[in-house]
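Please look over the sequence and the model first, then read the notes below them.

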Amino acid sequence: MSRAAFGGFFALSFLVARAAAQDFAQTRFICTSIPLDMDPMCSAPMQNSGPVEDIKGTILQLRETILQQKETIMNQKETIRELTAKLSRCESQSVSEPSVSELPGKAFRSKQSGKGRYPMGDLSVAQADTLNQLGQTLQSLKTRLENLEQYNRANVSVQTNSLKDLLQNKIDHLEKQVLSRVNSLEETKNAVRNDTTENRGKIENALNSLHQRISDLEKGQRNSRPTDKFQITFPLRTNYMYAKVKKSLPEMYAMTVCMWLKSNASPGVGTPFSYAVPGQSNELVLIEWGNNPMEILINDKVAKLPFVINDGKWHHICVTWSTRDGVWEAYQDGLKRGNGENLAPWHPIKPGGIMVLGQEQDTLGGGFDATQAFVGEMSHFHMWDRVLTPGEVYSLANCSSKTLVGNVIAWTEANVDIYGGATKWTFEACRQIN
């Protein structure tokens, strides 16, 4: 055989062998003679490029398929690993069972690790086996997971019932303790109430006894003193200590009210006097309540007065008013401190009411509020049905007029009754002031 024939035969044999290795039985071969010094692989693309390119494409597709199958198997292994970890956690909280490491998945993983030994022609068979084994493993894991969930639900139900019983017992015990404590507090409260009632009765008896003794002393003084030389003391801010003027007021179109006051109460000295009529409890009121300035009210209309008297000293105050234009004036210690108008203009002060000293009336003759009570001393409460002149007011404040007394209300013991612990003492303004 010549060298050229031998070279051609060798090239043909090489192509046939490569085609046989890929198991393509129906491939068509063409024999071509090539020079001795040329590579057989180089001549094939030039003469028969079509079949070789098909073979290369098939090989690349097989490689991609294998890589995809490998990636899928790795993902499935990761999923099985996660399920195995969850099962391990569940089993560790329940009864002792075989560990997850003994699952059939182990054998499955060992089989997977040997997938490289399958020949290329058996790839579809290996894939089918793998999928079947994966399905069986997942079904087994699902069954065991359901069993564990049922077991845990049963345990949780039992534990919940046990906890509920424990809490109910604790609540019953606490209820008994609270009920016992409440009963004890009620018994103590009743005992304290009884003691308070007893103490209050003793205090009232002592006050009545003291008041009687003071009254006896005052009777001895009354026989030797003028009827207008006295003062009324309101030592406490209560809703039951007051004085009442026996004489009522006539209808008045003008008026002047004057008095001596001494107080250091704070905040506010309270209500020196209030006059109420049916249907109007604030017909005529003088009040200093809380941190507000002193005010005079006529028919529930208000004017603020510039008085400052809560320094613990005696002060003489007067307020004049006329229904004509509601003009008013305020005097302290004989000097005019303020004036104004439109205070209940053209409204005459109504007759037939009740004059109370030391309390503000919310109802006719009553409805007292302790926070509005007057605290201090009072004397020489006079009222006129006219407007006094500035000179007359000054004379009253400096004791230079001995005959000027109120023509509506005059300060005499016979005109004033005291209640609730208020007391009367001898007082002469011009001698005892400050």
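The notes below go from the whole chain to single residues and pairs.

The model is predicted. Its chain has 434 residues, 35% of which count as buried, and its secondary structure comes to 6 helices and 14 strands. The structure holds 1 disulfide and 5 salt bridges.

**The chain as a whole**

- The accessible surface of the chain is about 26,200 Å², and carbon and sulfur atoms make up 54% of that area.
- Among contacts in the chain with a separation of 6 or more, 68% are between residues 24 or more positions apart.

**The disulfide**

- Cys258 and Cys318 are joined by a disulfide, with an S to S distance of 1.9 Å.
- In general terms, a disulfide is a covalent bond between the sulfur atoms of two cysteines.
- The disulfide of Cys258 and Cys318 is right-handed, because the torsion about its S-S bond is about 120 degrees.
- Cys258 belongs to strand S3 (residues 254–262) and Cys318 to strand S8 (residues 314–322), so the pair ties together parts that are 60 residues apart in sequence.
- Cys258 has a relative accessible area of 2% and is therefore buried.
- Cys318 also counts as buried, because its relative accessibility is 1%.

**Salt bridges**

- One of the 5 salt bridges is between Lys246 and Asp417, whose closest N and O atoms are 3.5 Å apart.
- Lys246 sits in the loop between strand S2 (242–245) and S3, while Asp417 is in strand S13 (residues 416–419), so this pair ties together parts that are 171 residues apart in sequence.
- Lys246 counts as exposed, because its relative accessibility is 53% and the cut-off for exposed is over 50%.
- Asp417, at 27% relative accessibility, counts as partly exposed.
- Another salt bridge is formed by the side chains of Lys336 and Glu329, at 3.5 Å from N to O.
- Lys336 is partly exposed, with 46% relative accessible area.
- Arg386 and Glu392 also meet through their side chains in a salt bridge, with an N to O distance of 3.2 Å.
- Arg386 has a relative accessible area of 32% and is partly exposed.
- Glu392 counts as partly exposed too, at 22% relative accessibility.

**A nonpolar patch on the surface**

- Which residues form a nonpolar patch on the surface? They are Leu163, Leu166 and Leu167, and together they have about 300 Å² of accessible area.
- Leu166 is part of helix H4, which covers residues 123–222.
- Leu166 has a relative accessibility of 55% and so counts as exposed.

- Gln280 is found in strand S5, which covers residues 280–288.
- Is Gln280 buried or exposed? Gln280 is buried, because its relative accessible area is 16% and buried means under 20%.
- Its side chain reaches the backbone nitrogen of Asn282 at a distance of 3.0 Å.
- When neighbours within four places in sequence are left aside, Gln280 is in contact with Asn299 and Asp300.

Definitions and conventions:
Residues numbered from 1 in each chain as written. Predicted model: local features only at pLDDT ≥ 70, side-chain atom pairs only at ≥ 80, totals over all residues. Heavy atoms only, no water. Patch = residues over 30% accessible without salt bridge, like charges linked within 9 Å, V, L, I, M, F, W, Y side chains within 5 Å. Areas by Shrake-Rupley, 256 points an atom, 1.4 Å probe, with all protein chains shown as cover. Salt bridge = Lys/Arg side-chain N within 4 Å of Asp/Glu carboxyl O. Helix = DSSP H or I, 4+ residues; strand = E, 2+ residues; numbered from the N terminus. Buried < 20%, exposed > 50% of the residue type's maximum accessible area, 1.4 Å probe, protein only. Polar contact = N/O pair within 3.5 Å; in protein donor to acceptor, adjacent residues only side chain to side chain. Contact = heavy atoms within 4.5 Å. Disulfide = S-S within 2.5 Å.
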